[in-house]
Amino acid sequence: MNEIANIDAARLQAEGETASMPHSIEAEQQLLGAILTNNDIYDRIASIVQPEHFYDPVHARIYEIAKSRIAKNALASPVTLKAFLEDDEGLKELGGPAYLARLAGAAISAFAVRDYAQMIYDFAIRRELIGLGREIADKAARVEVTSEPREQIVEAEQKLYKLSEQGQTESGFQSFLKAVTDAVNVANAAYQREGGLAGISTGLVDMDKKLGGLHRSDLLILAGRPSMGKTSLATNIAFNIAKAYKRGMTHEGVEGAVDGGVVGFYSLEMSAEQLAARILSEASEVPSEQIRRGDMTEAEFRRFVEAAKDLEACPLFIDDTPALPISQLAARARRLKRTHGLDVLIVDYLQLVRPATAKDSRVNEVSEITQGLKAIAKELDIPVIALSQLSRQVESREDKRPQLSDLRESGSIEQDADVVMFVFREEYYAEREKPSDDRLEEMAAWQERMDRLHGKAEIVIGKQRHGPIGTVELSFEGRFTRFGNLIKPWQQGEDQGF
């Protein structure tokens, strides 16, 4: 083994690279030797190491050929690899095909192959970081008209994101026992909440009962026509979750949110200031248009200031960058989870997210976006709520309650979503059907209808992968853009509408 290491170290030192870049020739030799001795070992490290992670290019070629043969269920040994590497100039410097035999003969620690593989991978990432640092420094040193510092920062950040995502592998098959245990743990968590929820509470009781809360790894679509209150409902849910946030030891034995959660809100349509004004309007019970104009009484302004103070500590993070590509959206969500934690992600709204690359049709672009959002939900193990527009065909029907077919580019959205909900306020349409004042009977019937519909909204659950579909009734206070729990007649008397 020492003979092999000495030959290789001498060669690399002659190239002047050994002292400058982190690596471990011995770990590479041990790993290759173990694989050539026992091909089954490859399956234990395949998800960690790729050929490009090897520092020595000869080792990388040996690994690549061995990998190809094992993938074909063919033997990878010093004898079988000899035919593929006889003319390799780098291998000749190490002693030719005899080097392969020495590798296999010197492999004495097959039980530690995962440690060797992780070491090789870690050194490769360090080398990439060094290379990236040099590249950033070199670009920053060159003053060019076409390369602005801000653009260089964005480019460097993207490359760092890409580097940080390396090594994230699929979990692969797991035993049914583990899956059952996980399911029991979720049910136990709900039971411990006294028959409460398996997921995170939205703060809206009837919606929670229908959905069981917001479940991890679920993609929820919240759709509606303009002025139905999609953004209002999303901000209400975000505020309720962030306000209820409590940190502690979860039922899984790790530190995290035991109530409520950290919320990330992508506001691609409204600015962060406008979104904050909506949330403050709800919390302080001061109409949002008065907040914008500064037209408040002393009591209202005092409530507004108190609400602002209370909200300072809420873990609600807003990103109002317009036209974000789905790849950037995912990268920023990962960074938020690493730095502050992340329990719920809200995207307002889906059609304003850009695909990573332009597609030949809008349907394909939306499909990439919804698949990307579902991938974020699964990877970060959080619920993702994405708002969506509805097509105009709703307006042409007599019954304007939305249906799944009303979703724009509905095929991919409906397919990828775990839950599809529609916000519907009949009051909005009834207001626009007001008869003229001289039609007394029609006016009386219209007024009776408006009284019945006033302050009420419906959440129509058109799809739910893990539960029933149906309708949830909520209260809606337009002045404060606030949805709430609707008091039923049997709860506080027939005369209490909400």
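1. R401 and E458 form a salt bridge through their side chains, with an N to O distance of 2.8 Å; a salt bridge is a side-chain nitrogen of Lys or Arg within 4 Å of a carboxyl oxygen of Asp or Glu. This pair links distant parts of the chain, 57 residues apart: R401 lies in the loop between β7 (384–389) and α18, and E458 in strand β9 (residues 456–464). Helices (H or I, at least four residues) and strands (E, at least two) are DSSP runs, numbered from the N terminus.

2. The model is predicted: local features need pLDDT of at least 70 and side-chain atom pairs count only at pLDDT 80 or more, while totals for chains, interfaces and linings use all residues. Residues are numbered from 1 along each chain as its sequence is written, and side-chain values use heavy atoms, leaving out hydrogens and water.

3. R401 is partly exposed at 29% relative accessible area, whereas E458 is buried at 14%. Buried means under 20% relative accessible area, exposed over 50%, and partly exposed in between (1.4 Å probe, protein chains only).

4. A salt bridge also joins the side chains of K374 and D418 (2.6 Å, N to O). K374 belongs to helix α17 (residues 362–380) and D418 to the loop between α18 (410–416) and β8 (419–424), 44 residues apart. K374 is buried at 17%, and D418 is buried at 3%.

5. R302 pairs with E298 in a salt bridge, their closest N and O atoms 2.8 Å apart. Both residues lie in helix α15 (residues 298–312), four residues apart, so about one helical turn separates them.

6. The whole structure contains 11 salt bridges.
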